[in-house]
Amino acid sequence: MTIKQQIQRTTLRTAAALTALELTTHLPTEGRSSQTYHHLFDTIITPLGRRLFTPEDAHHLALEVVRRGLAPRLSRDAAGSGGGRIDMSTTIQRSDNKGIPLTFPGPIGLAAGFDKNGSAIPGLFQLGFSFVEIGSVTPEPQDGNARPRSFRLVEDRGVINRFGFNSLGAE
């Protein structure tokens with residue numbers, strides 16, 4: 001095992017231990033979007049992850065965290081309103097008023113490309129997305145574009161994804 005692999009393995013174990021600590025101490029009382037949780041990820045986990053993982057490896061790690069249900073979950077409970085719910089529903093109607101209006105539980109969805117094989121659908125909805133588009137499933141398995149194919153834009157807080165149509169294939 002190379003040094004980089006050992007560091008990645010140790011980092012993953014440390015992240016898992018910190019996540020377990022957070023889940024069993026702060027989060028049951030504060031909710032998964034607690035200030036502690038955000039501080040931990042903003043100051044330690046994310047900067048460390050950027051140093052240890054390529055953008056594509058980080059993508060796969062994030063997808064696995066979501067698939068296993070370890071990602072933060074959206075709470076639509078209204079703070080200080082006696083346990084009420086926040087109505088974030090959004091209705092979309094064509095401008096010519098033809099067709100049936102579509103109503104979503106919230107205004108934000110996830111476009112195709114993040115979960116190309118549909119392995120983390122429930123977890124993506126738990127993140128708070130009102131709709132999730134699963135795409136790039138091809139009839140046969142294929143590799144997609146050559147690596148590197150994902151790039152961080154740190155100053156813009158964004159990513160360029162040029163994975164192409166990598167897919168496990170439909171069975």
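Visitor: How many helices and strands are there in the chain?

Guide: Welcome! This is a predicted model, and its chain holds 5 helices and 4 strands. Along the sequence they follow the pattern α-α-α-α-β-β-α-β-β.

Visitor: What share of the 171 residues is buried?

Guide: Buried residues make up 25% of the chain. Its accessible surface comes to about 11800 Å², and carbon and sulfur atoms account for 57% of that surface.

Visitor: Among contacts between residues at least 6 apart in sequence, what percentage joins residues at least 24 apart?

Guide: For this chain the figure is 47%.

Visitor: Where does α3 bend?

Guide: The bend is at F41, and it amounts to about 45°.

Visitor: Which residues of α3 are buried?

Guide: They are Y37, L40, I45, G49 and L52.

Visitor: What about F53, is it buried or exposed?

Guide: The cut-off to apply is 20% relative accessible area, with buried residues under it. F53 has 10%, so it counts as buried. It lies in the loop between α3 and α4, the latter being residues 55-67.

Visitor: Which residues does F53 contact, leaving aside its neighbours within four places in sequence?

Guide: F53 is in contact with Q8, T11, L12, A58, L61 and R152.

Visitor: Where does V65 lie, and which residues does it touch?

Guide: V65 lies in helix α4 and is partly exposed, with a relative accessible area of 30%. Not counting residues up to four places away in sequence, V65 touches L70 and A71. The C-alpha atoms of V65 and G123 are separated by 8.7 Å, although these residues are 58 apart along the chain.

Visitor: Now a strand residue. In which strand is I160 found?

Guide: I160 belongs to strand β4, residues 158-161. At 28% relative accessibility, I160 is partly exposed. Beyond its neighbours within four places in sequence, I160 contacts R149, S150, F151 and L153. P55 is 105 residues from I160 in sequence, yet their C-alpha atoms are 9.4 Å apart in space.

Visitor: How is a pair of aromatic rings described, and by what two quantities?

Guide: A pair of aromatic rings is described by the distance of the centres and the angle of the planes. Here the count comes to 1 aromatic pair. F104 and F131 form it, with 4.8 Å centre to centre and 50° between the planes, and the arrangement is tilted.

Visitor: Why does this pair tie together parts that are apart in sequence?

Guide: F104 lies in strand β2 (residues 102-104) and F131 in the loop between α5 (121-126) and β3 (150-153), so the pair links parts 27 residues apart in sequence. F131 is partly exposed, at 34% relative accessibility.

Visitor: Which residue lies over the face of F163?

Guide: R149 does, at 5.1 Å from the ring centre.

Visitor: On to the backbone. What are most phi values and most peptide bonds like?

Guide: Most residues other than glycine have a negative phi, and most peptide bonds are trans. Let us look at some cases here. The peptide bond from R147 to P148 is cis, with omega near -5°. P148 is found in the loop between α5 and β3.

Visitor: What is phi of N97, and where is N97 found?

Guide: Phi of N97 is near 60°, a positive value in a residue other than glycine. N97 is found in the loop between β1 (90-92) and β2, and at 60% relative accessibility it counts as exposed.

Visitor: What is phi of R157?

Guide: Phi of R157 is near 55°, again a positive value in a residue other than glycine. R157 lies in the loop between β3 and β4 and is exposed, with a relative accessible area of 80%.

Terms used:
Residues numbered from 1 in each chain as written. Predicted model: local features only at pLDDT ≥ 70, side-chain atom pairs only at ≥ 80, totals over all residues. Heavy atoms only, no water. Phe/Tyr/Trp six-rings, centres within 6.5 Å; stacked < 30°, edge-to-face > 60°. Helix = DSSP H or I, 4+ residues; strand = E, 2+ residues; numbered from the N terminus. Buried < 20%, exposed > 50% of the residue type's maximum accessible area, 1.4 Å probe, protein only. Lys NZ or Arg CZ within 6 Å of the ring centre and 35° of its normal. Contact = heavy atoms within 4.5 Å. Areas by Shrake-Rupley, 256 points an atom, 1.4 Å probe, with all protein chains shown as cover. Bend = angle between axes of the 7 residues up to and from the residue.
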